[in-house]
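Okay, thanks everyone for coming.

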Amino acid sequence: MKTKITALLTILTVSLVSCTDVVDVEVQNGPERLVVEASLDWEKGTTGNVQTIRLRKSTPFFDTNTTTDVTGASIVVTNDISGASFVFADQNNGEYRTTNFQPRLGQSYSLRIEYNGEVYTAQETMTSVTDITNVFQGREDGFDDEVLEVNVVFTDPPEEGNNYMFKFQREGDLLPDLEVAEDEFVNGNEIEWWYEIDDDDEDLEPFEPGDVVGIELYGISRPYYDYIKILIEQLGGVGIFETTPVAVRGNCINETNPDNYAFGYFRLTEVVRTSYTFVED
């Protein structure tokens, strides 16, 4: 099936007289693939025993209204060190859940999915995260000193190679914002990370007193850092003259038929969560 896009291009001529042309572009949809959302996140202060993996089928890029949940799959996650296995039970809605997962920092885990006669596998290490030590508001650090920003403070551990993902979401907003960071130039130091909603964003208003923003800080592996950084960069690349979004391969491998690879990623992270309420300044 093909999707037809009609783009209206306005061209300013030398005589300052504008004209419009209609350009029809046919976009070929790729094959339907399995999409694996296997984010096993262990929040500090909890047991982390309840974990959920979601499976669905891919949809055309410009189809934002269709979701195809996958049921009938078999999912097992195994600790590669201890050999302990955790079965994720089918909830018959695209979700698969376990209530006895045992997170172990620094240990490797393997994912195995059996679906439609094929076997998908992935491997990842559970990555720790440092604590958030302070959260406050300001106006000085962001791109626009007229708008409010939230500042998150944490101390990077002395060992090199730590990678982080932030998730910011204001109450009432439909989607969160994701940002990533690495310690290449700040290893072992206190880090102050700021986040603002730019008033140039036509879809969102800047923060105002009374707004509540949820904050999550994840410790992530380097391969996942590279993967999610590309996805974040593509979030804005959907304009007619911007970079065309392309399929980004995750770490899930189809052992039965490599050409029929899956989308998505199997990650294991430790996460700290907090929130901040903006006040009059």
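When I say nonpolar core, I mean a set of buried Ala, Val, Leu, Ile, Met, Phe, Trp, Tyr and Cys residues joined through side-chain atoms within 4.5 Å, and buried is under 20% relative accessible area, with a 1.4 Å probe and protein chains only. This is a predicted model, where local features need pLDDT of at least 70, side-chain atom pairs count only at pLDDT 80 or more, and totals for chains, interfaces and linings use all residues. Residues are numbered from 1 along each chain as its sequence is written, and side-chain values use heavy atoms, leaving out hydrogens and water.

So, the largest core has 26 residues, and Val36, Ile53, Leu55, Val77, Leu111, Ile113 and Phe266 touch the most other members. Strands here are DSSP runs of E, at least two residues, numbered from the N terminus. Strands giving two or more residues include S3 (34-43), S9 (108-115) and S18 (263-277). S3 gives the largest share, five residues.

Which residues does leucine 111 touch? Among them are Val36, Ile53, Val77, Cys252 and Phe266, skipping anything up to four places away in sequence; contact is heavy atoms within 4.5 Å.

There's also a second, separate core of 20 residues, including Leu148, Tyr164, Ala181 and Ile215.

Now the sheet. It's open, three strands, ordered S11-S12-S15, with antiparallel pairing; pairing takes at least two DSSP bridges between two strands. S11 (132-138) and S15 (190-196) are the edges with a single partner strand each, so one side of each has no neighbour in the sheet. S12 (residues 149-155) and S15 pair over seven bridges, and valine 150 has tyrosine 195 in S15 as its bridge partner.

Notes: Buried < 20%, exposed > 50% of the residue type's maximum accessible area, 1.4 Å probe, protein only. Helix = DSSP H or I, 4+ residues; strand = E, 2+ residues; numbered from the N terminus.
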